[in-house]
Amino acid sequence: MKLGNDDFVPVILGTGVGAYNIARSLHEAYQVRSLVLGRAALHETAKSSIIEVRASRDFDAPEAIVATLLGIADEHRDRQLLLIPTIEYYTNVVIDHRDVLEERYIVPLVDRQLADKLIDKTAFYRTCEEFGIPHPRTTVVTSSQQGDQSIGEDLPFSYPVIAKPSNTDIYQRLSFAGKQKIYRVDNAAQLRDVVERVFGGGYDDDMIVQEFIPGDETVMRVANTYSDVQGKMRLASVGQIVMADQHPDRVGNYDAILTIDDPQLTESMRSLLDAVGYTGTANFDVMRDHRDDTSKVLELNLRQGAACYYTMAAGGNIARALVEDRVYGRDPGDQVTTVEALWINLPRLVSRLFIPRPLRKRVRAAARRRTAHTLWYRPDMGVSRLLMVLRIDLRHTLSTFKYSRS
């Protein structure tokens, strides 16, 4: 079956739900079939009629990824190839090898210099400070301070605090006892223990120590944007987290999102992205600080988020904006989604059982307006695919009942 159309072929790096998000969005807009590449064929993209999956264990090595991509380019010399990474590792590989890849692919990513300024949290918070973007108050502990008994004794904000690595690309490759994505710390002694454990585990970059913003899922937000080739933000969509994934291996992922309008956050993102000349898709993690009623940016990823299909629930197709701009050279238009709709990553009934009380009325009203589940796509629902999606939903349901704090 043909990949892409006569104009372009989407080549997506990653085989998880993030890849299916993008492939589905492209299929809805252009009826194209995407090529998906990764280390292993994951269930979320398996047995799909809108995707061709090619998996290779060699994808642990950047050189193998580049060689595979160049081979694919040789297969499709007559058409444009659009390269879309879906996880941080692949994004960095593409940026590091863009000189070679850009000869054969459209690469809608920023350059390495700007990437480093945005994905390293120490540099990112300096950039936010420079452009007046609201973010949690932050201080830095460097690896040279390892063993310093004064760490945490004179912070510019009170405990509890959040400690986390500045360089997640390095950190995610490490393995040591007690490793967490982020650490909530209640006093200086605990902070010193976390710092020693992380540095002792082989991490040698900055540690971020940040003020704690109180609250549950109701203070957590996510945003996805698209900025055109000229460095102007053209599409933005903000979501209120309704359910965070409680499984220990999936911390940082979401199971339900309510699309919302957040003008202050939208303008903050526009100010930041336009000021630095950002191009391509971006994904922001955000917290709403009810103490001063401000949405504060925690981090920026140089790609769409794994739950980015929530933007489609609100009517915002980021993949379409990307193709219009970079493939066809057409004006993608300006859009900020404002309608409240519900995106879910598990059965609708299960999501209703775990809605936080303060959000129940809004979520139920939004669900009646529209509920979108990434994997439930009628044009891609043959018998084998249907069974696979049911199996995934069951896995998420069992995980939710096992680990939920509700």
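**Ground rules.** I am working with a predicted model, where local features need pLDDT of at least 70, side-chain atom pairs count only at pLDDT 80 or more, and totals for chains, interfaces and linings use all residues. Residues are numbered from 1 along each chain as its sequence is written, and side-chain values use heavy atoms, with hydrogens and water left out.

**Entry one.** I looked up the parallel sheet, which is open, with four strands in the order β3-β2-β1-β4. Strands here are DSSP E runs of at least two residues, helices are H or I runs of at least four, and both are numbered from the N terminus. Two strands pair if DSSP finds at least two bridges between them. β3 (51–55) and β4 (80–85) sit at the edges with a single partner strand each, so one side of each has no neighbour in the sheet. From one strand to the next, the twist averages 25°; angles run from 0 to 180 degrees between N-to-C directions, with axes fitted to C-alpha atoms, for helices over the stretch in contact.

**Entry two.** Which residue stands opposite V36 in β3? I found V53 there. Helix α1 (residues 17–30) packs on this sheet and touches β1 (8–13), β2, β3 and β4; contact means heavy atoms within 4.5 Å.
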